[in-house]
Amino acid sequence: MTNPHLREMMSRLFGSGDLREKYLAAAAGKLWHHNTVGGLVEHSLNVVRLCGFACEMYEDLDRDLLVCGALLHDLGKIEQYEMKAAIDYSTEGRLVGHINTGDFRVARAITEIEGFPAELAHALRHLIVSHQGELDKGSPVVPMMPEAFVLNYADELDSKMGALRRIAEKTGDADWSEYVNLIGRYIYFGHRKAGETARES
């Protein structure tokens with residue numbers, strides 16, 4: 001990361017201490033995706049990788065901004081979920097939500113860095129508050145910058161693939177999953193058997 005303001009902010013947030021430990025241990029979801037201890041960092045790093053691929057294809061993207069947004073987009077989930085015998089929502093998670101909590105943490109960190117450019121602050125906060133992509137999915141605003149579109153799609157892709165991996169494990173050797181209420185469909189895994197048979201022959 002070459003932008004000195006973003007580098008300093010990330011260092012302040014994750015350099016050491018309680019926030020870093022919570023981030024490394026947190027889950028990214030309750031039921032849908034990356035719902036394990038450490039799931040948040042796994043998901044966030046996957047999103048960083050996807051954003052990196054996008055930056056290689058579309059060279060006009062601001063890579064530092066996008067990587068920073070990818071690492072921070074779900075920061076509020078460290079407060080949203082309680083890691084007990086099972087993952088559940090905290091009171092703050094239910095009443096405030098991870099987008100608002102994450103934006104608050106980032107905005108507070110920005111105010112502690114002297115000379116942090118206002119335009120950069122607006123851009124980074126926009127990535128965080130728009131990353132769900134649509135108002136009815138919980139984002140207070142929709143993506144309005146190229147980097148925000150990339151972050152939204154990278155987040156959506158990794159969360160879907162994480163969920164499908166979990167569904168595949170639950171499905172076992174069956175061709176079809178059980179009905180998945182959250183996306184309103186069955187998922188087909190029978191093609192994997194055909195691929196394995198072809199490789200064996």
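## How the helices are described

Axes are lines fitted to C-alpha atoms, for helices over the stretch in contact, and the angles between N-to-C directions run from 0 to 180 degrees. The model described here is a predicted one.

## Helix α4 against helix α8

Helix α4, which covers residues 63–72, and helix α8, which covers residues 118–130, have axes that come within 9 Å of each other and cross at roughly 45 degrees. The two helices α4 and α8 are therefore oblique to each other, and their crossing is right-handed.

On the α4 side, the residues that take part in the contact are Leu65, Leu66, Cys68, Gly69 and Leu72, and they meet Leu120, Ala123, Leu124, Leu127 and Ile128 on the α8 side. Sorted by class, this contact of α4 with α8 has 9 nonpolar residues and 1 polar residue, with no charged residues.

## Helix α4 against helix α9

Helix α4 also packs against α9, at an angle of about 40 degrees and with the axes 10 Å apart. The helices α4 and α9 are therefore oblique to each other, and α4 passes α9 in a right-handed crossing.

Here Leu65, Leu66, Gly69 and Ala70 of α4 meet Glu147, Val150 and Leu151 of α9. By class, the contact of α4 with α9 has 5 nonpolar, 1 polar and 1 charged residues.

In soluble globular proteins, nonpolar side chains tend to be buried together. In this model the largest nonpolar core has 42 residues, and those with the most contacts inside this core are Met9 and Leu72. At least two residues of this core are supplied by each of the helices α1 (4–14), α2 (18–25), α3 (39–57), α4, α7 (98–111), α8 and α9 (146–171).

Which residues does Met9 touch, not counting residues up to four places away in sequence? With those sequence neighbours left out, Met9 touches Cys68, Leu72, Val106, Ala109, Ile110, Ile113, Phe116 and Leu124. A second, separate core has 6 residues, and among them are Ala168, Ile183, Ile187 and Phe189.

Leu124 is found in helix α8 and, with a relative accessibility of 0%, counts as buried. Not counting residues up to four places away in sequence, Leu124 touches Leu6, Met9, Leu65, Cys68, Gly69, Leu72 and Val106. The C-alpha atoms of Leu124 and Met144 are separated by 12 Å, while these two residues lie 20 residues apart along the chain.

Ser44 has its place in helix α3 and is buried, with a relative accessible area of 0%. The residues that Ser44 touches, again not counting those up to four places away in sequence, are Tyr23, Ala70, Leu71 and His73.

Leaving aside neighbours within four places in sequence, Leu164 is in contact with Ile187 and Phe189, and both Ile187 and Phe189 are included in the second, separate core. The C-alpha atoms of Leu164 and Val106 are separated by 31 Å, and these residues are 58 residues apart along the chain.

How values were computed. Residues are numbered from 1 along each chain as its sequence is written. This is a predicted model: local features need pLDDT of at least 70, side-chain atom pairs count only at pLDDT 80 or more; totals for chains, interfaces and linings use all residues. Side-chain values use heavy atoms; hydrogens and water are left out. Helices (H or I, at least four residues) and strands (E, at least two) are DSSP runs, numbered from the N terminus. Angles under 35 degrees count as roughly parallel, over 145 as roughly antiparallel, 65 to 115 as roughly perpendicular and the rest as oblique. A crossing is left-handed if the near helix is turned anticlockwise from the far one by less than a right angle, and right-handed if clockwise. Contact means heavy atoms within 4.5 Å. Ala, Val, Leu, Ile, Met, Phe, Trp, Tyr, Cys and Pro count as nonpolar, Asp, Glu, Lys and Arg as charged, and the others, Gly among them, as polar. A nonpolar core is a set of buried Ala, Val, Leu, Ile, Met, Phe, Trp, Tyr and Cys residues joined through side-chain atoms within 4.5 Å. Buried means under 20% relative accessible area, exposed over 50%, partly exposed in between (1.4 Å probe, protein chains only).
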